[in-house]
Amino acid sequence: MTLLYEIQESIVQNDANLGPILLKLRFLASRLGSNDLADWINYESEGYPKNVEVPPYRTTDLTYRGTFSGPFGSGIQNAQIAPYIIEKYAGESWVKYSIRESIATIDDLAKQSKEGGGSLRIDASDLILLMQNKIYEGYACNEIIASISCSALSNIQQAVKNKILELTIELEKSVPESVNITFGARSNKDVDSNKVTHISQQIIYGDVTNAVSGTNSSLTNNLPEGDIQALIDHFRHAGINTKDATELAGIMQNDTPESTEEPLGTRTKQWLTSNLDKAAKGAWKIGFTAANSLITEAALKYYGLK
């Protein structure tokens, strides 16, 4: 049985252990030459660093409860706090929580949360000072508890399994060479690593509208000439974070393309040289090759060269 079929057989088992499956997938990714897929597997296996944005399925809502003390010994115990209030005074990051732990840790946390009553507590002590007199007038905030539901952890486990299965099925259809990979000597057949990267990004991150191997996305085709905001939105939708998308678009706005064949100006090229490593390291939701193609195609449309 080939490596891809071994992964498929393992992932559909009821008691599938994701650790060994991810190791096999990591080996398959190395044979297919996809750094983006390998990075995702490493993050799932070892956890997501703070400078790497997590995939959408790893973001969940937090629920809050608090304890408050008032005049004459009065108090309010275990009161639910509306997420709107938390977001208003503390920011969205306290409402939408990124779960960065490795899949093995998530397995353990899910087990603990089930045994402890169905939820997992998150340290929210930093909110106590921020929320003073913001929830109940005249009452001091003594404690705030943030919780993640057990189902959110189970959803991550299931999402990873689904994506591994979907990924291998799509590779089987679109990259026939992947079916023949086994442990041992490498095949002499070349694999289209750009196609593997494109498939991986679409399945893992969703419809991020990547441009791979010179293929234009529908959004690139519809990008208006000279529209700076549309350019920023285009980069953001493709997976470049807001700060970098705004900075890149601003540089392109004040730069001059060299020619129709080379639509990127000198300053834009300098910026890309300094920042494209973010795509390679996973800080953007788009791979190195895809990002380079996307920006070049966007430049052609933005400058009216295509």
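Throughout these legends, contact means heavy atoms within 4.5 Å. Helices (H or I, at least four residues) and strands (E, at least two) are DSSP runs, numbered from the N terminus. The model is predicted, so that local features need pLDDT of at least 70 and side-chain atom pairs count only at pLDDT 80 or more, while totals for chains, interfaces and linings use all residues. Residues are numbered from 1 along each chain as its sequence is written, and side-chain values use heavy atoms, with hydrogens and water left out.

**View A. Contact of helix 7 with helix 8.** Lys163, Glu166, Leu167, Glu170, Leu171 and Ser174 of helix 7 meet Lys195, Val196, Ile199, Ser200, Ile203 and Ile204 of helix 8. By class, this contact has 6 nonpolar, 2 polar and 4 charged residues (Ala, Val, Leu, Ile, Met, Phe, Trp, Tyr, Cys and Pro count as nonpolar, Asp, Glu, Lys and Arg as charged, and the others, Gly among them, as polar). The axes of helix 7 (residues 150-174) and helix 8 (residues 193-205) come within 10 Å and cross at roughly 145°. Axes are lines fitted to C-alpha atoms, for helices over the stretch in contact, and angles run from 0 to 180 degrees between N-to-C directions. The crossing of helix 7 and helix 8 is right-handed (a crossing is left-handed if the near helix is turned anticlockwise from the far one by less than a right angle, and right-handed if clockwise).

**View B. Contact of helix 1 with helix 2.** Helix 1 (residues 3-11) and helix 2 (residues 18-32) have axes that come within 10 Å and cross at roughly 160°. Helix 1 is therefore roughly antiparallel to helix 2 (angles over 145 degrees count as roughly antiparallel). Helix 1 passes helix 2 in a left-handed crossing. Leu3, Leu4, Glu6, Ile7, Ser10 and Ile11 of helix 1 make the contact with Leu18, Ile21, Lys24, Leu25, Phe27 and Leu28 of helix 2. The classes in this contact are 9 nonpolar, 1 polar and 2 charged residues.

**View C. Contact of helix 11 with helix 12.** The axes of helix 11 (residues 242-253) and helix 12 (residues 266-275) lie 8 Å apart, and the helices pack at an angle of about 155°. Helix 11 is therefore roughly antiparallel to helix 12. Their crossing is right-handed. Asp244, Glu247, Leu248, Ile251 and Met252 of helix 11 make the contact with Arg267, Thr268, Trp271 and Asn275 of helix 12.

**View D. The largest pocket.** The volume of the largest pocket is about 270 Å³. On a 1 Å grid over the protein atoms alone, a pocket is an open set of points where a 1.4 Å probe fits, with protein on both sides within 12 Å along at least five of seven lines; lining residues have an atom within 4 Å of a point. Grid points are joined across faces, edges and corners, and a volume is the space filled by probe spheres set on the points. The lining includes Glu53, Trp94, Tyr97 and Asp123. Strand 4 (residues 96-98) gives the largest share of this lining, 3 residues.

How values were computed: Angles under 35 degrees count as roughly parallel, over 145 as roughly antiparallel, 65 to 115 as roughly perpendicular and the rest as oblique.
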